[in-house]
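Work through the exercises below with the sequence and the model side by side, and try each task before reading its solution.

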Amino acid sequence: MDRLDNTVRPYAWGSTTAIPRLLGTEPTGEPQAEMWMGAHPGAPSRTPRGTLIEVIDAGPERELGAEAVAKFGPRLPFLLKILAAGAPLSLQVHPNLAQAQQGYAEEERRGVPVDAPDRNYKDANHKPELICALTEFDGLCGFRAPAEAAALLDGLGVDSLKPYVDLLRAQPEDAALREVLTAILTADRAEMAGTVTEATTACARLGGPYTPYADMARDYPGDPGVIAAMLLNHVRLQPGEALFLGAGIPHAYLDGLGVEIMANSDNVLRCGLTPKHIDVPELLRVVRFEASDPGVLRPEASPDGEEVYETPIDEFRLSRWVLPGETTRDLTLPTPQILLCTAGSVRVGEHGLLPGRSVFVPAGEKVEASGEGTLFRATVIV
């Protein structure tokens with residue numbers, strides 16, 4: 001078992017205070033957006049035996065277990081993060097596995113450098129993800145019903161939005177959502193900037209359900225993504241609640257601190273709220289144009305106290321333990337796991353963990369946890 005030393009990524013949208021507050025450290029004044037725990041080549045966790053990539057490469061079956069290696073290959077198939085949004089992340093969608101494999105192969109064939117700003121597929125893997133709130137957490141997840149989106153847009157009283165309102169009310173669901181999102185993303189940029197300004201001025205005046213969009217516009221003035229965001233469900237998670245984001249579901253995180261887990265991939269197709277590349281044709285190929293309930297997840301408790309966030313994904317499984325202080329829990333598994341403390345003080349084997357600290361436990365290694373606090377467990381399903 002190894003204590004992990006993890007990298008904090010300073011993305012511009014990150015909160016300057018949330019991760020330092022969790023860790024009990026002084027803020028630096030700079031954004032601290034994500035703390036990565038895992039074996040992603042962009043920022044692998046460090047251990048006394050080397051990076052977690054080096055540790056796994058030196059003995060994949062010893063560290064991951066024979067079943068996990070047979071199913072996922074000689075790599076850790078998930079990436080665990082603490083995510084701290086102080087401003088909206090880009091409105092985005094992830095491909096399914098077949099789309100990722102096809103897109104990656106095509107860009108490789110065309111010789112597009114992996115680090116090129118207009119590259120869509122950094123790898124050939126899908127990127128389903130789960131976010132679990134540690135504080136109140138605002139996000140966007142999945143399309144609203146077209147009639148609901150039409151009512152929201154119509155309520156702004158902006159003449160240039162009337163064609164979108166009419167499309168949403170006249171077309172079948174798939175066609176309505178597809179045509180309106182396409183129109184928003186392909187409109188003349190200067191004209192759309194004027195529409196966004198007029199719309200978000202109305203949002204600020206109206207308040208209530210319009211408040212999130214006025215807030216977005218302060219960070220992304222004139223961005224078409226502000227209008228696109230009104231097509232999506234706005235969700236406010238309470239601590240302990242979670243969202244699962246599958247392939248093709250447009251989403252964005254707006255504000256809050258959470259534990260995020262995902263398949264080990266960098267594949268993101270952006271729709272707005274970003275200065276980065278937007279490939280509209282590829283985006284439209286990947287997005288699932290169907291209204292959906294955001295599906296807020298609450299953990300399901302097992303008899304031994306483990307609270308599991310159920311998802312249809314095998315690459316990761318996220319659960320938590322709220323330890324009461326008077327008992328010891330046996331957390332031994334035949335699969336690799338990362339254990340992360342988010343509250344209180346927990347002892348895992350020989351390691352004392354305070355909030356924000358974590359350990360990697362190889363497959364099959366005996367591990368017990370005690371203390372009073374909250375411990376998240378990330379592992380795989382074999």
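A residue is called buried when its relative accessible area is under 20%, exposed when that area is over 50%, and partly exposed in between, with a 1.4 Å probe and protein chains only. The model is a predicted one, in which local features need pLDDT of at least 70 and side-chain atom pairs count only at pLDDT 80 or more, while totals for chains, interfaces and linings use all residues. Residues are numbered from 1 along each chain as its sequence is written, and side-chain values use heavy atoms, with hydrogens and water left out.

**Exercise 1.** Locate the salt bridges of Arg 46 with Asp 5 and of Arg 218 with Asp 215 in the secondary structure.

*Solution.* Take Arg 46 and Asp 5, whose side chains meet at 3.1 Å, N to O. This pair links distant parts of the chain, 41 residues apart, with Arg 46 in strand S4 (residues 46–47) and Asp 5 in the loop between strand S1 (2–3) and strand S2 (7–9). Then turn to Arg 218 and Asp 215, with closest N and O atoms 2.2 Å apart; both lie in helix H10 (residues 211–219), three residues apart, or about one turn of the helix. Arg 218 is exposed, at 62%, while Asp 215 is partly exposed, at 31%.

**Exercise 2.** Describe the two faces of strand S11 and its pairing with strand S8.

*Solution.* In a regular strand, side chains alternate between the two faces of the sheet. In S11 (residues 242–245), Ala 242 and Phe 244 lie on one side and Leu 243 and Leu 245 on the other, and all are buried. Strand S8 (residues 129–133) pairs with S11 in the antiparallel sense over four bridges, where pairing requires that DSSP finds at least two bridges between the strands. Within this pairing, Glu 129 has Leu 245 as its bridge partner.

Methods. Salt bridge = Lys/Arg side-chain N within 4 Å of Asp/Glu carboxyl O.
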